[in-house]
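Visitor: I have a model open on my screen and would like to talk through its architecture with someone. Could you take me around?

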Amino acid sequence: MKLTLLSVLLTGLCASPLLLAAAPDVPMPADWHGRKIEGPPPGANGCGQAPDVTRIQHKYLDLPYANLSKAQKMDIYLPDQWQSSYPVIINVHGGAFFGCDKMDNQLVPALYGLQKGYAVANINYRLSPEAPWPAQINDLKAAIKFVRVHAKQYSFDPDRIVLMGGSAGGNLVALAGVSADVKELEDPRLGNADVSTRVQAVIAWYPPINFLTMDAQWQQIGIDGQKHTTADSFESFLMREQIGKVPAARMATTNPETYITSDDPPFLIQHGYLDDTIPRLQSQEFATKLAKAIGGDNVEYNLLMQAHHAEDRYFHSRNNLERNYEFLARHLK
């Protein structure tokens, strides 16, 4: 499908918007010298009620994909109908890099794939209170390697790996999708150093792409949105320094645009027109640059006109989920 920068989805109603639990007292790390940061809570159900997984017959919970942190775990879900191999979705939750969990309502879109014949590998990763950048992308890369190495054991098709994530998770899946085998984004301590991290498709919802341009984009589109360049923003906390003072080369490692090449996989990118957390121009500009590199037929950008950030009644609606899986069906051979 050709890239359409103003593709409009008038979706039906579904789940309620993301509900956050009361924020716990998260200890600040020793390498943070700013004020105390409060954000999305960590832990199961902290960022919306997780779907009921008790009826899923074939699952493996809390498998370690690396051994540097207790956070480096994944849950694997397989369709009821057995096959020798399934295309696999690696799901990456959002939460400002600060909170949320693999077991919250952000799992809903990936689990929808079970009925479409997809396996799901749903991951946690080190959050910013535990570790600064690049721990988060290091962990996602390690999870991709784990999926590929253990493909036979869990009936994964290693040639049909999909990344799916929203918000901070959208940044991570976009970055991993365009940076196949870029060693500066990997940590050899996490294992499988020589295994490829190439994937075959990416779905990114309302992702931050270029941390440094978001505040200026609010002015462009006339929205008084969340500030990202301040000394106490979630992005500054992630980097352990106000992002405008971080060396340009280090900031570039957070930006998927840095790594765009002509052999990148197909992308579906969706954003809410009314989003006041991440400017919609982040997705639009990234989609435009991707299309120039890999062709408009390989990039789909949908602007959901009535949606705010992470508004489930639009992004999790049946109509929208069907659109996501139609995209995958077109591109996964």
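What follows is a conversation about the strands, helices, disulfide and backbone of this model.

Visitor: Before we start, what kind of model is it, and how are residues numbered?

Guide: This is a predicted model, in which local features need pLDDT of at least 70 and side-chain atom pairs count only at pLDDT 80 or more, while totals for chains, interfaces and linings use all residues. Residues are numbered from 1 along each chain as its sequence is written, and side-chain values use heavy atoms, with hydrogens and water left out.

Visitor: Okay, strand 4 then: buried or exposed?

Guide: Seven of the seven residues of strand 4 (residues 86-92) are buried, so the strand is largely enclosed by the rest of the structure. Buried here means under 20% relative accessible area, with exposed being over 50% and partly exposed in between, for a 1.4 Å probe and protein chains only. Strands (E, at least two residues) and helices (H or I, at least four) are DSSP runs, numbered from the N terminus.

Visitor: Which strands does strand 4 pair with?

Guide: Strand 4 runs parallel to strand 6 (residues 156-166), joined by six bridges, and parallel to strand 5 (residues 119-123), joined by five bridges; two strands pair if DSSP finds at least two bridges between them. Isoleucine 90 stands opposite leucine 163 in strand 6, and isoleucine 89 stands opposite valine 120 in strand 5.

Visitor: And what about strand 3, which way does it run against strand 2 and strand 5?

Guide: Strand 3 is antiparallel to strand 2, with five bridges, and antiparallel to strand 5, with four bridges. Isoleucine 76 of strand 3 stands opposite tyrosine 60, and the bridge partner of isoleucine 76 in strand 5 is alanine 121. Strand 3 (residues 73-78) is mostly covered, since five of its six residues are buried.

Visitor: Switching to helices, what covers helix 4?

Guide: The cover over the buried residues of helix 4 includes strand 4, helix 2 (135-149), strand 6, strand 7 (201-205), strand 8 (267-272) and helix 8, where contact means heavy atoms within 4.5 Å. Helix 4 (residues 168-178) has eleven of its eleven residues buried, among them Asn171, Leu172 and Val173.

Visitor: How do helix 5 and helix 8 pack?

Guide: Helix 5 (residues 214-221) and helix 8 (residues 280-294) pack at an angle of about 100°, with their axes 9 Å apart; axes are lines fitted to C-alpha atoms, for helices over the stretch in contact, and angles run from 0 to 180 degrees between N-to-C directions. That makes helix 5 roughly perpendicular to helix 8, a label used for 65 to 115 degrees, with under 35 being roughly parallel, over 145 roughly antiparallel and the rest oblique. Met214, Gln217, Gln220 and Ile221 of helix 5 make the contact with Arg280, Leu281, Gln282 and Glu285 of helix 8.

Visitor: What about Ile221 itself, buried or exposed?

Guide: Isoleucine 221 counts as buried, at 18% relative accessibility. Leaving out residues up to four places away in sequence, isoleucine 221 touches Pro279, Arg280 and Leu281. The C-alpha atoms of isoleucine 221 and arginine 280 are separated by 8.7 Å, although the two are 59 residues apart along the chain.

Visitor: How many disulfides are there?

Guide: A search of the whole structure finds one disulfide, a term for a pair of cysteine sulfur atoms within 2.5 Å. Cysteine 47 and cysteine 100 form the link, with their sulfur atoms 2.1 Å apart, and the angle of -85° about the S-S bond makes the link left-handed.

Visitor: Where do those cysteines sit?

Guide: Cysteine 47 lies in the loop between strand 1 (7-8) and strand 2 (58-64) and cysteine 100 in the loop between strand 4 and helix 1 (108-111), so the pair ties together parts that are 53 residues apart in sequence. Cysteine 47 is buried at 0% relative accessible area, and cysteine 100 is buried at 4%.

Visitor: Last topic, the backbone: which peptide bond is cis, and where is there a positive phi?

Guide: Most residues other than glycine have a negative phi, and most peptide bonds are trans. The bond from tryptophan 133 to proline 134 is cis, with omega near 15°, and proline 134 is in the loop between strand 5 and helix 2. Serine 167, in the loop between strand 6 and helix 4, has a positive phi of about 60°.
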